[in-house]
Amino acid sequence: MNEMKEAASSCNACKQCAPLGACIAFKGIEGALPMLHGSQGCATYIRRYLISHFRETMDIASSNFSEETTIFGGNRNFNTGIDNIISQYHPQVIAIASTCLAETIGEDVQRLIYEYQATHEEVPEMVFASTPSYQGTHYEGFHEAVFATVKTLAKGKASDNPLSLHQLNLFCNLISPEDIRHLKEIAADFSLKTMIFPDYSDTLDGTSWDSYQRIPEGGTTIEAIENSPWAASSLELGYILNATLTQSAGEYLQNAFGVDNFRTGLPIGIRESDKFFAQLSALSGKVIPLKYQKQRGRLVDLYFDGHKYVSMKRAVIYGEEDLVVGLAAFAAETGIKPVLCATGGESGTLQQTLREVLGDLYSEEIIVGQGMTFEAMEAAIHDLDLQPDLFIGNSKGYYLARKLDIPIVRAGFPIHDRIGAQHNRLLGYEGTTILFEQIVNTLLEDKQRKSSVGYKYM
Amino acid sequence: MTGFLQDRKSQIITKGKGNFDLIGGKPSIAGSVSQRACVFCGSRVVLYPIADAIHLVHGPIGCASYTWDIRGAMSSGPELHRNSFSTDLREKHVVFGGEKKLYAALVELIDKYQPKAAFVYSTCIVGVIGDDVQSVCRQVEKLKHIPVIPVMAEGFQGTKKDGYKIACDAMATLVGTDESKVISPISINILGDFNLAGELWILADYYKKIGVEIAASITGDGRVNDIQNAHRAALNVVQCSGSMLHLAKTMKEQYGIPFRKVSYFGIEDMSDALYEVAKFFGKEELMDNARDLVKEELKTLLPALEPYRNALQGKKAAIYVGGAFKAISLVKALRLIGVQTVIAGTQTGDTEDYKLLKTICDDGCILVDDSNPVELSEFVKQTGADLFIGGVKERPIAYKLGIGFCDHNHERKLALAGYEGMLNFAKEVYETVCSPVWRFAL
C-alpha cells in the first residue's frame, strides 16, 4: 500500500506543519518562550490549534514578517522580536523555529542569533530548529526541535556540581502531559535519576493561577540538558522518530559524547511495555518494582475479562508513525485486527517497523498507508472493503467515523472535541489498562445504543 | 503596568483619563505575541462559508490544516467548505515551482467534486517561489467552465484586515456574472453574517416576516450563483463591517446598490437593523410589520431576560474580539443584562471605530488595540473582571485566572444573533459567571 496513487491535491490532511511540533517540544524547556521566524499567522494558528488541544495558555511570539521583511530579509524583525520577548517575558531560553517563508527566502537564523548575541549583553540562551513546513510533518518538527535543543545546550563540559548529574536521558516523544508524569514516576521507582525531555507535563497541564504566568512553571531545566552528555545512557521512545533527520538527540549524544543510546517503542500494550520496563531494569540494575508487576498482572487479567468484546474487531489506526506502531502492537495482542494503519508521515519505514514489532501477530493483510490524508483513508476503506468496526486515533478522524457510523476512541494529538486531552493516557501497563477499558466500553456503548433490547448486562 | 511594550503606548487608553484617542490599524510589533492572524486568515474566514465552492489552499500543509472546518458556518445544502484542500507543497516544489501541481490539483478536485467555483488561496511562499497563480486559474477556468478565482492572500502582506479586502475583491469578480435568478424588488443581500450556529436562518426568518426577501447571503450559507446574482438586490445590509464593507462599497460603485451598516447582536441593534431595512423600502406596511415583530419578540424576551439580569447585576466584563462593531454591540448587550464592560479591545478596529467604541463605554474602561496575553491578563487583574468574551486564544487567559468565558468567535455552537440569540447570550453569560466552580479560584 506504500504505492498509493499520488494525488495532486490533499484533502483533509492527517498531519500538521513542522513548526507546530517544534513549539510543543520547546514548551518542554524550563523558562523558554518560543518564537516563530515568519508571518504572524503561523504563530497565531499554531497557538489556537494547541490551545484547543491542551486548553492552556500558549504564548508563542512571531517575528511578524511584512512585505519589506520578505524582500530585504528578517534581520530587523528578528532583533525587534527578541528585544520585545526579553522585555515582556524575561525568558531563560528563546526557542526559535523557522517557517516556510523564512526558509524559502534563505534566512540564516544561526547567523542572526550569533549577531544578536555578539551585540547584546546578558542574552538568554537561544535554540534554533529549522522547520520549514514544506518538509516533514509536525512529528518531524517536534524531533528536530528536541535534537536542536540538545545539540545547542548540551555543553560538553563537566558540571561543577556532580550532585546535579543524572544517570538517564529519557527522550519521551510526543505524548500527553499525564503520560510524561507517569514516565517520571516509573523512572523514580527504579531509582533512576532521569532527565526527561521535553517535559511539558506542567507547562502544558498546569494548575489554576492567582496571576498570569507569562512563562508557566515547569519544564526540563537548562542545567539538566547541559548535563545530558554526562548521563550513563539515553533511552528514546519510538522506533521511527524523525526519518528526515540525520541523527536523533540520543544518537547525537552517543556520537558526540559516547552516551550509550537505547531505543524502545512507545510502551503501549503488554509486550512493548515489557520491553520498556526490561530496559529500565537493565539500566538501573534493579528488578521491576512490585507495583508494576502488579499493574501488569491486573492488565493481563483485564485482557482476559475483555477479550471477547474486542476479538476480531477491525480497527483503523492512524496518527504519528510511532504512535501507530504502538497502538497497532497493542491492538494486535488483544485480538483486535488492525486493518488500516495510516499516517500523514512519510518515513518509508512504517511497514517494516510494524512487521518487526508485531512479530507473529503481523498480518500481510494489514493495509499500511504513509502520506495518507483522511480522504485517502476513506477511499481505502471503501475501495478495499475494509469494513472497520472502530477508529483509534486523533479527533480529526471523527467526521469519517461518524460517516461510517462506527465508534472512535480518541488517542494522541490533536483531540479537539473532548475535554482532557492533556490527560489522555496510553503508556505503560497502567496507561494501557485505561486505553483497553476505553476501547471495550466504547464498543459496548455502541452495541447498546444500536440494540433494540437495551441489555442491562453486557 | 509592568513589562508592557513602550511602542504600544498609543494602542492602550483608559476612558476618562486624559483626552487621547485610541489608535488602530497599526501593524503588529515583532515579539509582542499579538492575537492577530494574517492576510490569508482574513481571506479564508470571509470566503469559508461559501458551501458549493472548492477552497484550495496553495502552499505547504499548515495553512490548510489549521483552517480545516475551523468555523461553525452551517450550510443548508452542500458542505464542500468543510473540507480542507491543499496542494501540500514540498521542498521540490519550492525549488522547481508549484504551478503544475496547482493545475493538476484544481483539475482533479473540480472533476471529483463538481463545484460551482473554485477559490485558490496563495500562501506566504507562493509569490516568493514565482508561481503565477492567476495564470493557472485562468487556464483552468477556460478548461472547466467554472469561475476559478485567485485569492492573493500571502500571509505577510499586511494584516487580517487586508485579507478581508482581498476576499471582497475576489467575490466582486463573481458579482454581476449571472442574471438567471428570480429576485424580488423588495430584496436585500445580507453581508457579513457567516451563519455560525445557524444565525443567518434566524435573521432570514425575521426579514421574511416583515416582507423582505434575501437575494444573497454573503457568505453565510453562501452559494456561488447567489453571489453572481447579488447585483440585482435593492440593498446591501452589512454586518461585521470590517470584513464586508469593502464589497458593499464596490457594489455601490459598480451597480449603484446602497448599503446600510447594521449589527444583529443585542435587542437594540437587532431592532434597529429591521427598522433600518423597513425604512429603506419606504413602505409603511414593512415598518408596521417590523414594529409588530419587535413588539412580539420583546414581549417574551424581556421577562425571560429578567432573572439573568437580576443575577448578573454589577458583574464586570472584558471584551477582546476581532472587529470593533462586534465590541460595540457587546457593550450594549451586556449593559442590558446588568454587566458593565471594563475592558474593550479588538484585533482589527481602526481609529474611527474606536472613537465610537469609546463613546459608548463607561469611564474607567480600558480600551486596547491589537493586544496580547501579557496585557489582557494584567487588565483582567486590574479591573477585577468576572467574565471574558473573546475567542479560543483568549479562553485560557480567563480560565487560568478563574473567571467566566464566552466564545464570540468562529467556534461557538450557540446562536447569539437576534432576539433568541440575546436570550442564549444572557443564559451563557449566566452559566459561566454564576458557576459555583469559581469559589475554588485562587
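1. Basis. The model is predicted: local features need pLDDT of at least 70 and side-chain atom pairs count only at pLDDT 80 or more, while totals for chains, interfaces and linings use all residues. Residues are numbered from 1 along each chain as its sequence is written, and chains are lettered from A and ligands numbered from 1 in the order in which they are written.

2. Domains of chain A. Chain A comprises domain 1 (18–153), domain 2 (162–284) and domain 3 (306–450); the bounds come from an automatic or database domain assignment. The centres of domain 1 and domain 3 of chain A, taken over C-alpha atoms, lie 33 Å apart. Six residues of domain 1 of chain A are in contact with ten residues of domain 3 of chain A (contact: C-beta atoms, placed from the backbone, within 7 Å). On the domain 1 side, helix α2 (residues 40–54) of chain A gives the most, with four residues (helices are DSSP runs of H or I, at least four residues, and strands runs of E, at least two, numbered from the N terminus). That side has three nonpolar, three polar and no charged residues (nonpolar: Ala, Val, Leu, Ile, Met, Phe, Trp, Tyr, Cys and Pro; charged: Asp, Glu, Lys and Arg; polar: the others, Gly among them).

3. Contact of chains A and B. Chain A contributes 57 residues and chain B 60 residues. On the chain A side, α2(A) gives the most, with ten residues. By class, this side of chain A has 20 nonpolar, 27 polar and ten charged residues. Across the two chains, β1(A) pairs with strand β3 (residues 85–86) of chain B in the antiparallel sense over two bridges (pairing requires at least two DSSP bridges between the strands). Here A:Cys11 stands opposite B:Phe85 in β3(B).

4. Helices α13 and α14 of chain A. Helix α13 (residues 321–334) and helix α14 (residues 350–358) of chain A pack at an angle of about 35°, with their axes 10 Å apart (axes are lines fitted to C-alpha atoms over the stretch in contact, and angles run from 0 to 180 degrees between N-to-C directions). Among the residues that meet are A:Val324 and A:Ala328 in α13(A), and A:Leu354 and A:Val357 in α14(A). The residues of this contact divide into nine nonpolar, one polar and one charged.

5. A:Ala331. This residue is placed in helix α13 of chain A. A:Ala331 counts as buried because 26 other C-beta atoms lie within 10 Å (buried: 20 or more such atoms; exposed: 12 or fewer; partly exposed: in between; C-beta atoms placed from the backbone). Apart from neighbours within four places in sequence, A:Ala331 is in contact with A:Ala315, A:Ile317, A:Ile336, A:Pro338 and A:Ile392.

How values were computed: Contact = placed C-beta atoms within 7 Å.
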